[in-house]
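Subject: A structure for you to look at

Hi,

Here is the structure I promised to pass on. Have a look through it first, and then read my notes below.

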Amino acid sequence: MDDKVIKDINDQIKENKILLFMKGSPYQPQCGFSMKVAQILLSYDVEFSYIDVLEFPEVRAKLPSISNWPTFPQLFVDGDLVGGCDIITELHESKELESTLNWFKLLLGFVRNSTFQLFQGGLAVFQDDQHALLHFLRFFATYLSKRNL
């Protein structure tokens, strides 16, 4: 059980470019520190994932040993721990967090734009061949599912 929880936490950190482990949800935080970090992230209009550690007590118990950070919330960006409320607030006030998150917004926009261009190109190439179009659509669905887009 412990190994599975640790694996699941590590998978979530790897799979989500911006991930907040918090108490509650961004729109219904259950502590002031989680509320503050969620409000900061929401102010940047950047997509992020969150995990409510109150809903998943096994995550709450194991994450500090993975991150070497004892408290919540914990913000991970591109697989790396950025910090908790005090550090996120400090980075926000110094504008360092803005530059980090803007980079991810640009990158995600590029990936999504490229994905859209791939889709349009595939439709154009295979529009006259229904069999090939079906194979392309299956490929594209697999492509999207592996990228969580």
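Strand β1 (residues 18–22) is joined to β4 by four bridges, and the two run parallel. Within this pair, Leu19 sits opposite Ser49 of β4. A word on terms: strands (E, at least two residues) and helices (H or I, at least four residues) are DSSP runs numbered from the N terminus, and two strands pair if DSSP finds at least two bridges between them.

This is a predicted model, in which local features need pLDDT of at least 70 and side-chain atom pairs count only at pLDDT 80 or more, while totals for chains, interfaces and linings use all residues. Residues are numbered from 1 along each chain as its sequence is written, and side-chain values use heavy atoms, without hydrogens and water.

The open sheet has four strands in the order β4-β1-β5-β6, with mixed pairing. Because β4 (49–52) and β6 (80–83) stand at the edges with a single partner strand each, one side of each has no neighbour in the sheet.

Helix α2 (residues 32–43) lies across β1 and β5 (74–77), at about 160° to β1. Angles run from 0 to 180 degrees between N-to-C directions, with axes fitted to C-alpha atoms, for helices over the stretch in contact; contact means heavy atoms within 4.5 Å.

Finally, Gln12 belongs to helix α1 (residues 2–15). Beyond its neighbours within four places in sequence, Gln12 is in contact with Leu19 and Ile51. Gln12 counts as partly exposed because its relative accessibility is 31% (buried is under 20% relative accessible area, exposed over 50%, partly exposed in between; 1.4 Å probe, protein chains only).

Best wishes
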